[in-house]
Amino acid sequence: GTLLPQRSDPMGGVPTRQQQPMHGGSTSSGVQSMNGGVAFVSVPAGMAPEGIFHLGAIDDRRYQMDKDRKHQVDLAIVRIMKAREIFHHNLLVVKVMVELQDRFDLNNQLIEMRIESLIESKYIKRSEDDQRLYLYIP
């Protein structure tokens, strides 16, 4: 099974020290001691207590959340551009922020990044007369 540090309190306090046999191994309570007497509790694989996450899982969740937000911003921009077909940069940024403000906090930088991505993907383009005007590409 997986070894997890045994804590003195549920909020992640200092690891407890246990009596240990002369050469390591398990004590009579089934607690394994290693690393200078810090106690570890044996937990079957897949049965880790809630709230203990592998750092990779947190990174994966953050990556997925960022990906979902980018997708929502892309959809909002395309939806707005499709309805109006021509939009000024500042007005588009404000319109996207207003549309998505109830879902999550976002900033101008993310919206501008997504506009550039949609230009590269040929969903919208800049006006030849005014670089601050965007045109929807049907």
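Q: Let me start with the term: a polar contact is a pair of N or O atoms within 3.5 Å, where within protein one must be able to donate a hydrogen and the other to accept it, and residues adjacent in sequence count only if both atoms are side-chain atoms. Which backbone nitrogen does a polar atom of the S127 side chain lie 3.4 Å from?

A: The backbone nitrogen of D130. Keep in mind that this is a predicted model, where local features need pLDDT of at least 70, side-chain atom pairs count only at pLDDT 80 or more, and totals for chains, interfaces and linings use all residues. Residues are numbered from 1 along each chain as its sequence is written, and side-chain values use heavy atoms, with hydrogens and water left out.

Q: Where is S127, then?

A: S127 sits in the loop between β6 and β7. Strands here are DSSP E runs of at least two residues and helices are H or I runs of at least four, numbered from the N terminus.

Q: Is S127 buried or exposed?

A: S127 is buried, since its relative accessibility is 8%. The cut-offs are under 20% relative accessible area for buried, over 50% for exposed, and partly exposed in between, using a 1.4 Å probe on protein chains only.

Q: How much of the chain is buried?

A: Of the 138 residues in the protein chain, 24% are buried.

Q: And what's the overall layout?

A: Reading along the sequence you get β-β-β-β-α-β-α-α-β-β, which comes to 3 helices and 7 strands.

Q: Back to β7. Which strands does it pair with?

A: Strand β5, residues 86-88, is joined to β7 by 3 bridges and runs antiparallel to it. Strand β6, residues 124-126, also has an antiparallel pairing with β7, over 3 bridges. Two strands count as paired when DSSP finds at least two bridges between them.

Q: How does the chain get from β6 to β7?

A: Through a hairpin of 6 residues.

Q: What about K122?

A: K122 is another non-glycine with a positive phi, about 65°. Its place is the loop between α3 (108-120) and β6, and K122 counts as exposed because its relative accessibility is 62%.

Q: How far does α3 reach?

A: From first C-alpha to last, the 13 residues of α3 reach 18 Å, close to the 18 Å expected at 1.5 Å a residue. The expected span is 1.5 Å times one less than the number of residues.

Q: What goes on at its start?

A: There, a side-chain oxygen of N107 comes within 3.2 Å of the backbone nitrogen of Q109.

Q: Which residues of α3 are buried?

A: L110, I111, R114, I115, L118 and I119. An α-helix has 3.6 residues a turn, so residues three or four places apart point the same way.
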